[in-house]
Amino acid sequence: MNKMKITLTSSDATINFGKSVADLVSAGDVLVLDGDLGAGKTTFTKGLAAGLGIKTVIKSPTFTIIREYQDGRLPLYHMDVYRLENGGGADLGLEEYFDSDGVSVVEWAQFVADELPAKYLAIKFERTDNDDTRILSLEPHGAHFEQIVTQLEQQYGQ
């Protein structure tokens with residue numbers, strides 16, 4: 001498995017990295033984002049959305065659980081399943097999103113681990129001592145996502 005680490009030194013760099021990922025994703029792709037509150041998950045998703053051509057303002061879906069954005073090259077389904085800590089993921093019909101014509105971004109995916117597809121890209125966001133710097137660890141699950149990570153490594157010189 002081809003893992004990648006990248007250090008991003010600003011929120012703009014995180015947004016630009018999201019745009020780079022947007023260039024490589026296709027319908028049915030699932031991205032699993034892990035990291036503490038304020039680690040950059042929603043900032044990355046804003047970049048991903050911008051890269052997909054979505055003009056709508058991206059907000060964290062903490063209270064709605066799933067936000068849908070339909071106005072880009074691919075639809076974006078942004079999920080924050082933190083509130084499902086005590087279960088309930090099976091009732092949301094997540095597989096319908098995962099098998100759809102869009103890209104699904106799942107924050108706090110450990111709470112719906114049983115619902116995740118076998119193939120996805122996991123991105124872990126780690127804070128550093130510098131408030132603006134984040135270390136992202138990418139772990140592909142499946143050949144398609146290994147190819148995406150290889151392309152990102154080439155682009156970012158990792």
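Biologist: Which residues of α2 are buried?

Modeller: This is a predicted model. In its helix α2, the buried residues are K41, T42, F44, T45, G47, L48 and A49.

Biologist: What covers the buried residues of α2?

Modeller: The cover includes helix α1 and the strands β2, β4, β5 and β6. Take L48 as a case. Beyond four places in sequence, L48 touches G18, K19, V21, A22, L31, L76, V103 and V105. Just after α2, look at G53: its phi is positive, about 85°.

Biologist: How do I read a nonpolar core?

Modeller: Start with the general idea. In soluble globular proteins, nonpolar side chains tend to be buried together. Here the largest nonpolar core has 31 residues. F17, L31, L48, L76 and L138 touch the most other members.

Biologist: Which elements give two or more residues to this core?

Modeller: The helices are α1, α2 and α4. The strands are β1, β2, β5, β6 and β7. Helix α4 gives the largest share, 4 residues. There is also a second, separate core of 17 residues. V30, I66, F98 and L116 are among its members.

Biologist: Now a charged residue. Is R134 buried or exposed?

Modeller: R134 lies in strand β7 and is buried. A salt bridge needs the charged atoms within 4 Å. For R134, the nearest side chain of opposite charge is D131, 6.2 Å away, and R134 has no salt bridge.

Biologist: What does the side chain of R134 reach?

Modeller: The backbone oxygen of D131, at 2.8 Å. Leaving out neighbours within four places in sequence, R134 also contacts I6, T7, L8, G38, A39, G40, E126 and R127.

Conventions: Residues numbered from 1 in each chain as written. Predicted model: local features only at pLDDT ≥ 70, side-chain atom pairs only at ≥ 80, totals over all residues. Heavy atoms only, no water. Core = buried A, V, L, I, M, F, W, Y, C linked by side-chain atoms within 4.5 Å. Buried < 20%, exposed > 50% of the residue type's maximum accessible area, 1.4 Å probe, protein only. Contact = heavy atoms within 4.5 Å. Lys, Arg positive; Asp, Glu negative; His and termini not counted. Polar contact = N/O pair within 3.5 Å; in protein donor to acceptor, adjacent residues only side chain to side chain.
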